[in-house]
Every structure is written in structure tokens, then in C-alpha cells.
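The sequence and structure are shown first.

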Amino acid sequence: RAFAFRARVLVTTRNRTVADQTRASRSRVYVTLDAHFTNDQARSVLSGWTGIPIDDLPSEANEIIAESGSSPLAVSMIGALLQKNPKPRLWAYYLKNLRDRKLNRIRRPSEYEYEALDASIGISVDALTDDQRRRYCALAVFEDDAVFTSQVLAVLWNGDLDPIEIEVEYMSEFVDKSLVKVLGGEGEYTAYTIHDLLLD
């Protein structure tokens, strides 16, 4: 029923059968997007996050790209972690963490097929303070692609913070680490969403 109106609709999904729910079978167009960056695209993203010219990126950049499977989300999350402090020792630190987490995923089998992405998410979540991590984990109550504001989070997080505090002290940190995405203002409050892969 979500598609029961006369207009062109763009649907992005990992599940192609979603389009089967539409009646417009003759006018459907499927476009398959590459789920991975090229090496040059990934290097450009890391350069953008860190402010280091592409040609000056450390050797660990290519290794991080390889370990992350060139996943756009994983590369962006590592870039976000390096943004404030892109010193060489931190590139090596995040590369080691990415490798260690991948090994842990092999020791602890998971249904989750994106082990490099899972490792990147884990590294970003581990970089949060205990309080931030607890509040971030509480966002798991939202469905895929749910939109919420800091006013909603004030209720979810037991009303101990006002919406402005939430935006400044928590959501800005989550956005910086690519753990949530800003969708824009909804009235006086900013609207956010979580990528569905982070909720898997």
C-alpha cells in the first residue's frame, strides 16, 4: 500500500522483492549499485575526512581499505574516527583494531555477513564513552530508517537531559563517528536516522 499512488518513486533497498509490492510492473527499472568503493574513491573519502592530501595518505590507508572490504560505510566510519586526530600511530591503531575484530568474528561465527563493516562499527562504538555507548545502544529500539529527534531521545533516555544537551553532547558525537545521520531540521529540533546496517 505504501506505493499506491500515481507518482514516480525511487526505492533503495537490499531486498529486490520490495518492488514486487508495486502494481507498476511494466515501468519498473532496476539499477544495481556497486556496494564497494574503488581504491581511489576510498582514498578520496579518507582524504576528505582527515584533510590529508590523497598522495600523502599513510600506507595504512590502503590496508584499512582492504581490511574494510572497501565498504563505503566502513571506510567513512574509520575516516570519521581519524578526523580529529589523523596522526600516523592512530592509523596503525585503527588498522590493528579492524584486523583484531575480524579475527574475533571468525572465532565467534555470526549470521552477519559484513564482517569488515561489523568490525568498523565496533571500533566506532568502542570509541564512545560508557555513557555515550549506553545511550547509543538504546537507539536499537528504532526500526530501520526510523526518523527521530532529540526531543524523542529525551523521552527514550529517561528525561534526564534536555533536547539541546542531547544534540550538543551526544548526537554531534554520533554524527562525527558516522553512527547516525542528520536528516535536517524538523521544527526546532534536528531529525536523525540510523543506517539499517547499524541496526542489524
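Predicted model: local features only at pLDDT ≥ 70, side-chain atom pairs only at ≥ 80, totals over all residues.

Gln132, Arg135 and Tyr136 are the buried residues considered in helix H6. Viewed along the axis of H6, these buried residues fall within an arc of 100 degrees, so they line one face of the helix. On the face of H6 turned away from that buried side are the exposed residues Asp130 and Arg134.

Helix H6 (residues 130-137) packs with helix H8 (residues 163-176) at an angle of about 75 degrees, and their axes are 11 Å apart. H6 and H8 are therefore roughly perpendicular to each other, because angles of 65 to 115 degrees count as such. On the H6 side the contact involves Asp131, Gln132, Arg135 and Tyr136, which meet Glu169, Tyr170, Glu173 and Phe174 in H8. By class, the residues of this contact comprise three nonpolar, one polar and four charged.

## Overall architecture

The protein chain contains nine helices and three strands. Along the sequence these elements follow the pattern α-α-α-α-α-α-β-α-α-β-β-α. The chain has 200 residues, of which 40% count as buried. Among contacts between residues at least 6 apart in sequence, 58% join residues at least 24 apart.

Two packed helices are described by the angle between their axes and the distance between the axes. The table gives both values for the pairs treated in this report.

| Helix pair | Angle between axes | Distance between axes |
|---|---|---|
| H1 and H3 | about 25 degrees | 8 Å |
| H1 and H2 | about 115 degrees | 10 Å |
| H6 and H8 | about 75 degrees | 11 Å |

Helix H1 (residues 39-50) packs with helix H3 (residues 72-82) at an angle of about 25 degrees. H1 and H3 are therefore roughly parallel to each other, and H1 passes H3 in a right-handed crossing. From H1, the residues that make the contact are Ala42, Val45, Leu46, Trp49 and Thr50, while H3 supplies Val75, Ser76, Gly79, Ala80 and Leu82. Seven of these residues are nonpolar and three are polar, with no charged residue present.

With H2, H1 also forms a right-handed crossing. Here Asn39, Ala42, Arg43 and Leu46 in H1 meet Ala61, Asn62 and Ile65 in H2. This contact has four nonpolar, two polar and one charged residues. Ala42 and Leu46 of H1 take part in the contact with H2 and also in the contact with H3.

In helix H2 (residues 60-67), the buried residues are Glu60, Ala61, Ile64, Ile65 and Glu67. Seen down the axis of H2, they fall within an arc of 170 degrees, so they line one face of the helix. Ala61 and Ile65 belong to this buried set and also meet H1.

Just after H2, Gly69 adopts a positive phi of about 70 degrees. Ser70 lies in the loop between H2 and H3. With a relative accessibility of 14%, Ser70 counts as buried, because the cut-off for burial is under 20% relative accessible area. When neighbours within four places in sequence are left aside, Ser70 is in contact with His36, Phe37, Ile65 and Val75. The C-alpha atoms of Ser70 and His36 are separated by 5.2 Å, although the two residues are 34 residues apart along the chain.

## Val152 in helix H7

Val152 is placed in helix H7 (residues 150-156). Its relative accessible area of 38% makes Val152 partly exposed. Between the C-alpha atoms of Val152 and Pro163, eleven residues apart along the chain, the separation is 8.3 Å.

Definitions and conventions
Residues numbered from 1 in each chain as written. Heavy atoms only, no water. Axes fitted to C-alpha atoms, helices over the stretch in contact; angles between N-to-C directions. Helix = DSSP H or I, 4+ residues; strand = E, 2+ residues; numbered from the N terminus. Parallel < 35°, antiparallel > 145°, perpendicular 65-115°, else oblique. Left-handed = near helix turned anticlockwise from the far one by under 90°. Contact = heavy atoms within 4.5 Å. Nonpolar A, V, L, I, M, F, W, Y, C, P; charged D, E, K, R; others polar. Buried < 20%, exposed > 50% of the residue type's maximum accessible area, 1.4 Å probe, protein only. Arc of directions from axis to C-beta.
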